[in-house]
Amino acid sequence: MTLAAQISQVRSLHDREAGGSVRAMSSTPEISPIGQDIDTARAARRRNPAYQSAEQELGPLEELARLVIAHRIRQGLTQKALAERIGTSEAAISRLESGQHKPTVETLRKVSRALGQKLVVGFEDPSGGRELATIR
């Protein structure tokens, strides 16, 4: 099953669960007309093992996506402008920035060059020691 399919499945499970709980609690005045508050909904999702698994897998990708977005915005670039610098499509940049796509090292290298940055990758041992390499 693809990562996107896993996410879709988890969201579908959540929607069914949240739908049931919202109906059961609809007579409570604290519930908004659109459902649960974000903290309650997030807590409910995090109890779901499938959601926990998807969240662990996507967490690093979402961090990476936020880095790309932040650097792109700091430079005043649109997704289209970044795509043109790299020689790819705007859709490819959108997928990368969604945090749900596993980019290759080559793609990250192209993005880093287009943003005037260096791509640094490495390993960290259990004690926190790191070895890093710059990919130009």
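Let me begin with the hairpin of strand 1 and strand 2, where five residues lie between the strands and Gly128 adopts a positive phi near 100°. Strands here are DSSP runs of E with at least two residues, helices are runs of H or I with at least four, and both are numbered from the N terminus. Strand 1 covers residues 119-124 and strand 2 residues 130-135; they run antiparallel and are joined by six bridges, where pairing requires that DSSP find at least two bridges between two strands. Within this pair, Phe123 stands opposite Glu131 of strand 2.

A word on the source. This is a predicted model, in which local features need pLDDT of at least 70 and side-chain atom pairs count only at pLDDT 80 or more, while totals for chains, interfaces and linings use all residues. Residues are numbered from 1 along each chain as its sequence is written, and side-chain values use heavy atoms, with hydrogens and water left out.

As to the overall arrangement, the chain contains six helices and two strands, in the order α-α-α-α-α-α-β-β along the sequence.

Next, the helix packing. Axes are lines fitted to C-alpha atoms, for helices over the stretch in contact, and angles run from 0 to 180 degrees between N-to-C directions. Helix 3, residues 49-74, and helix 5, residues 90-98, have axes that come within 7 Å and cross at roughly 125°. Helix 3 is therefore oblique to helix 5; angles under 35 degrees count as roughly parallel, over 145 as roughly antiparallel, 65 to 115 as roughly perpendicular, and the rest as oblique. Ala65, Val68, Ile69 and Arg72 of helix 3 make the contact with Leu96, Glu97 and Ser98 of helix 5, contact meaning heavy atoms within 4.5 Å.

Helix 4, residues 79-86, packs with helix 6, residues 105-114, at an angle of about 110°, the axes being 9 Å apart. These two helices are therefore roughly perpendicular to each other. Leu82, Arg85 and Ile86 in helix 4 meet Lys110, Val111 and Ala114 in helix 6.

I turn now to Asp37, in the loop between helix 1 (3-24) and helix 2 (38-46). The Asp37 side chain reaches the backbone nitrogen of Asp39 at 3.0 Å.

Finally, of the 136 residues in the chain, 26% are buried.

Notes. A polar contact is a pair of N or O atoms within 3.5 Å; within protein, one must be able to donate a hydrogen and the other to accept it, and residues adjacent in sequence count only if both atoms are side-chain atoms. Buried means under 20% relative accessible area, exposed over 50%, partly exposed in between (1.4 Å probe, protein chains only).
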